Amino acid sequence: MKLFPILITGIFCLLSQVCAAVPEITVGVFERQEKIQISAENGFAIYDISSKKVEVFKRWNKSVLDVSVTERGFGFLTHRNLRHIEIVPFRKHPIHVNKMVFRGILRIREDRFGKMTVINVLDVESYLYGVIKSEMLLNSPIEALKAQAVVARTYAIRNQDKFLKELGFGLTRDVRSQVYNGVLDEHDLAIQVVDATRGRILTHEGQPISAYYHSACGGATQDSGTWGNRIAYLKATDCKYCENYKDLHWEYELSLRDLTNKLREKGHVLSNISDVKLSKDAFGRVIRVELVHADGTMNMNANHLRTLLGPNVLRSTMFNDISRRTGDTDPAEKAIDQILNSFMSRMNGDRSIRWHGKGFGHGVGLCQWGAKGLANKGYNFEKILKYYYSDVSVTRLYD
Ligand SMILES: [Zn+2]
């Protein structure tokens, strides 16, 4: 019965590239709650969803309403044993829940532990107002912020049902989706860049793309193929524009004994690693590592090694081994070096690896510090996005 209007909307979207409706998303804002406190400036109505949207509470315009878990379900005042309610503020005022504030409406559901899940239902544009600040520094150039807004919108629309089956809402409000802290994280500049790019997302062959992004690539982005699944629009791209990232350079030093132990702790049983050899792509990014140990060698994806050692410690896979001499070192110097190394190994009972790296993050997709660099060179948001994502369009989904 509902097919006809959907088809009409679909054809309209195809013809004009503009659809009327702004997608509505569901974000889990509190889980496993026993008690929550709700208020809104002009009050709100409460509907019982589990019994077909009956109005259970016409207007609450006093101070805070306490909602608590009961013997079965949850409730407030004389209304008990509720399982799923909707809270709709009057005059579209934001709703205060505990110490947070949200646009849109709220749903409260009983979870499988007999506690409450609070879900914020709102249009994706209002959601983005509260996302931008957590994902990019607001002192960034305006075109870089616009690029970030398009990327964040693309992510939200593509992943709007990501956690629906598992958790009963589409997006989380932490790093598993995008960090969202509602109205308290809003800022005039964030609202400005969201409004300026309203409805625009990145598409490839008509579909929203997987818009991965990271802090700073350190010289070139990473090809998605190194993650095991090559995605046409996520290719390695040369990037000299993230040089202004203040923590661009880093060093990582670890004894081979500690490396062996750390990998053992994570389930890779290796006997005494004696060397680590790096294989790189054409841009100098480490793709694979060869761990030489007493019983042979083990090959490992560099991204996997980064996850095992800790992504905040091994800050990227763009690194060089500076513990060994490379190039045309003087043979006499090299011999002295070897003697010293072997002496140090005996003294310490172990040798160390020392890596010098650049950048921070997985390196796939948009380089945020690179986006800033490009914006400072005069690139607009669309050109910035097309620099990091190949063969994509900026498509306007709705007005
Ligand atoms: Zn970069």
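Tutor: Start with contacts: two residues are in contact if their C-beta atoms, placed from the backbone, lie within 7 Å. Keep in mind that this model is predicted.

Student: With which residues is Tyr127 in contact, leaving aside its neighbours within four places in sequence?

Tutor: Beyond those neighbours, Tyr127 is in contact with Ile25, Val27, Leu122, Ala156 and Tyr180.

Student: How many residues does the largest nonpolar core have?

Tutor: The largest nonpolar core has 84 residues. Tyr127 is among those with the most contacts inside it, as are Leu128, Ile132, Ala147, Cys367 and Ile384. Helix 4 (residues 142-158) gives the largest share of this core, 9 residues. A second, separate core has 7 residues, including Leu254, Leu263, Val276 and Leu291.

Student: How do I read a helix?

Tutor: An α-helix has 3.6 residues a turn, so residues three or four places apart point the same way. Now take helix 7 (residues 256-265), where Leu256, Leu259, Thr260 and Leu263 are buried. Seen down the axis of helix 7, these buried residues fall within an arc of 100 degrees, so they line one face of the helix.

Student: What do the buried residues of helix 7 pack against?

Tutor: They pack against strand 17 (249-255), strand 18 (273-280), helix 8 (302-309) and strand 22 (352-358). Just after helix 7, Gly267 takes a positive phi of about 95 degrees.

Student: Which residues of helix 6 are buried?

Tutor: In helix 6 (residues 188-196), the buried residues are Ala190, Val193 and Val194. Their arc, seen down the helix axis, is within 100 degrees, so they line one face of helix 6. On the other side of helix 6, Asp188 and Asp195 are exposed. The buried residues of helix 6 pack against helix 2 (124-129), helix 3 (132-135) and helix 4.

Student: And how do I read a sheet?

Tutor: Strands of a sheet pair through backbone hydrogen bonds, either parallel or antiparallel. Here an open sheet of 7 strands has the order 4-3-8-11-12-1-13, with mixed pairing. Strand 4 (54-60) and strand 13 (171-172) stand at the edges with a single partner strand each, so one side of each is left without a neighbour in the sheet.

Student: In which sense do strand 8 and strand 11 pair?

Tutor: Strand 8 (residues 84-89) and strand 11 (residues 105-110) pair in the antiparallel sense, over 4 bridges. Glu86 stands opposite Arg107 in strand 11.

Student: What is the mean pLDDT of the protein chain?

Tutor: The mean is 89, and 88% of the residues reach 70 or more. Over residues 1-12 the pLDDT is below 50, and this stretch has 2 contacts in the model beyond near neighbours in sequence.

Technical notes:
Residues are numbered from 1 along each chain as its sequence is written. This is a predicted model: local features need pLDDT of at least 70, side-chain atom pairs count only at pLDDT 80 or more; totals for chains, interfaces and linings use all residues. A residue is buried if 20 or more other C-beta atoms lie within 10 Å of its own, exposed if 12 or fewer, and partly exposed in between; C-beta atoms are placed from the backbone. Helices (H or I, at least four residues) and strands (E, at least two) are DSSP runs, numbered from the N terminus. The arc is that of the directions from the helix axis to the C-beta atoms. Two strands pair if DSSP finds at least two bridges between them. A nonpolar core is a set of buried Ala, Val, Leu, Ile, Met, Phe, Trp, Tyr and Cys residues joined through C-beta atoms within 7 Å. pLDDT is the predictor's confidence in each residue, from 0 to 100.
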